[in-house]
Amino acid sequence: MDFTVFDLLMDVGMMSVLLIIGTFMRRHFEWFRNLLIPAPITAGLLALLLGPEVLGWLPFSGALGDYSTLLIAVVFASMPYSMNFASNDASKAKNMWGFSTSMFLGQWGIFMLLGLLVFAPVFDTPEWFGMMLPVGFVGGFGTAAAVGGAFGDMGADAAMSLGFTSATVGTLAAIIGGIIFANWGIRTGRTSALPEKLPWELRSGQIEDEAKQPSIGKATTNPSSIEPLALHAGFIAVTVMFAYIGQQIIGHFFPAVSVPLFALAFVVGIGGKVFLHVIKRPKYLDQQTVKSISGASTDFLIAFGIASIKPDAVASYLVPLAILFVLGIAYCCLFFFVIAPMFFGDQWLERGIFGWGWATAAVATGIALLKIVDPDLKSGTMNEYGIAYVGYAPIEIGMNILAPIAVIAGLTWGIGGIATAVAVGIIVFAAMRGWFPDRTGKRPGKGKRTGTSAAAG
């Protein structure tokens, strides 16, 4: 039977019901509040259980996997319109940049090489198998959709399921491990802030006080001309459309070349932002509104992505997947317990637990965990990350785009080796340049710590 717009309505409608149920469960069930389970993950797991892959109670169409490919293109198309490349003082965040970049590139490089050196010869897995760890952990659901879609185009249908499984496991590891580490840090006096529990708004996921409810964006047009939300959504839709047209043109003239849709969407988005500057309308689109659209797309992306997991594909890789996840968690623990104290000295707990959250799941998860040990965000962790992200973002985006292309082109050894070498090089460079704090806990150029958090001990 042909796919129709009413199939789309049913798929989105049923998933929306599950998202609402996930929100309700986070609000009313203590277990979900304590573990900070995001509603999209709950919705996706329910859709997987109740959908055609398991019980077959919900009549989802066969297009669940295709939604992820389109939604990640929306997310990448939105990036250029919502990013701010201004920098205030990079020197304040060089340690955060070094820690973040070495962790990110190391996770990609080391596990790509492990996939080639260990998993392929021992378990007869594809060359890209090791890549599924960083795809799901430091990459997250968005990268899982992007890479899974790119590999799916070349016939590796299991990649999407493995990527979303990795992202789901990574998120659960982030939350459970992060809460354990945060409680350990508080009990052992490694932070001066000793909150008994997180704020209700963060635990329940609902902001009930109207005075605290933030705006999701500003209107840049008068509704008498066009509704602002329609303008922003339309601009992003046009960006994805041109990216799709470009993909079709490339495929027509170069059949052997496969360029992921999300990568072209990002490139077209940059062109769109340049165009707005050329016509002297740089604020034609409101950044916060674009971020809201991108965030909504991400929520549906996570839900549809988990729902599209093929249990049979995951089961066929069960043993190597379990080993991969254990090694991935061990890698993240290494950066939390060893590398974070090296980079941050007596201020390592707050920054380390934030790093743990996004190394295994997402920046939003890292912020949620950070608020356990630093509820008022006085440690300066977020300010440093914001400044460091200016130099880190091109590396993150570039790796997410280039890694699948390199693997498709047969350059897995090259990109894995380069990423690993650069990660190690950053740590060695930081040590040689005196970035690491001395034995007294002082960071270079900093005075003694005052009250934002306790000594590492």
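## The largest cavity

Helix 5 (94-123), helix 14 (318-344) and helix 15 (348-360) each contribute at least two residues to the lining of the largest cavity. Helices here are DSSP runs of H or I with at least four residues, numbered from the N terminus. A cavity is a set of points on a 1 Å grid over the protein atoms alone where a 1.4 Å probe fits but cannot get out, and lining residues have an atom within 4 Å of a point. The model is predicted: local features need pLDDT of at least 70 and side-chain atom pairs count only at pLDDT 80 or more, whereas totals for chains, interfaces and linings use all residues. Residues are numbered from 1 along each chain as its sequence is written, and side-chain values use heavy atoms, with hydrogens and water left out.

The search of the whole structure finds 1 cavity of 30 Å³ or more. The largest cavity holds about 40 Å³ of space, a volume being the space filled by probe spheres set on the points, which are joined across faces, edges and corners. Its lining consists of F99, M103, C332, F335, F336, G352, G355, W356 and A359. Helix 15 supplies the largest share, 4 residues. By class, 7 lining residues are nonpolar, 2 are polar and none is charged (nonpolar: Ala, Val, Leu, Ile, Met, Phe, Trp, Tyr, Cys and Pro; charged: Asp, Glu, Lys and Arg; polar: the others, Gly among them).

## R351 in helix 15

Helix 15 also contains R351. R351 counts as buried, because its relative accessibility is 1% (buried is under 20% relative accessible area, exposed over 50%, partly exposed in between, with a 1.4 Å probe and protein chains only). The side chains of R351 and Q347 are joined by a polar contact of 3.1 Å, that is, a pair of N or O atoms within 3.5 Å; within protein, one must be able to donate a hydrogen and the other to accept it, and residues adjacent in sequence count only if both atoms are side-chain atoms.

Terms used. 1 Å grid on protein atoms, 1.4 Å probe; cavity = no way out; pocket = protein on both sides within 12 Å on 5 of 7 lines; lining within 4 Å.
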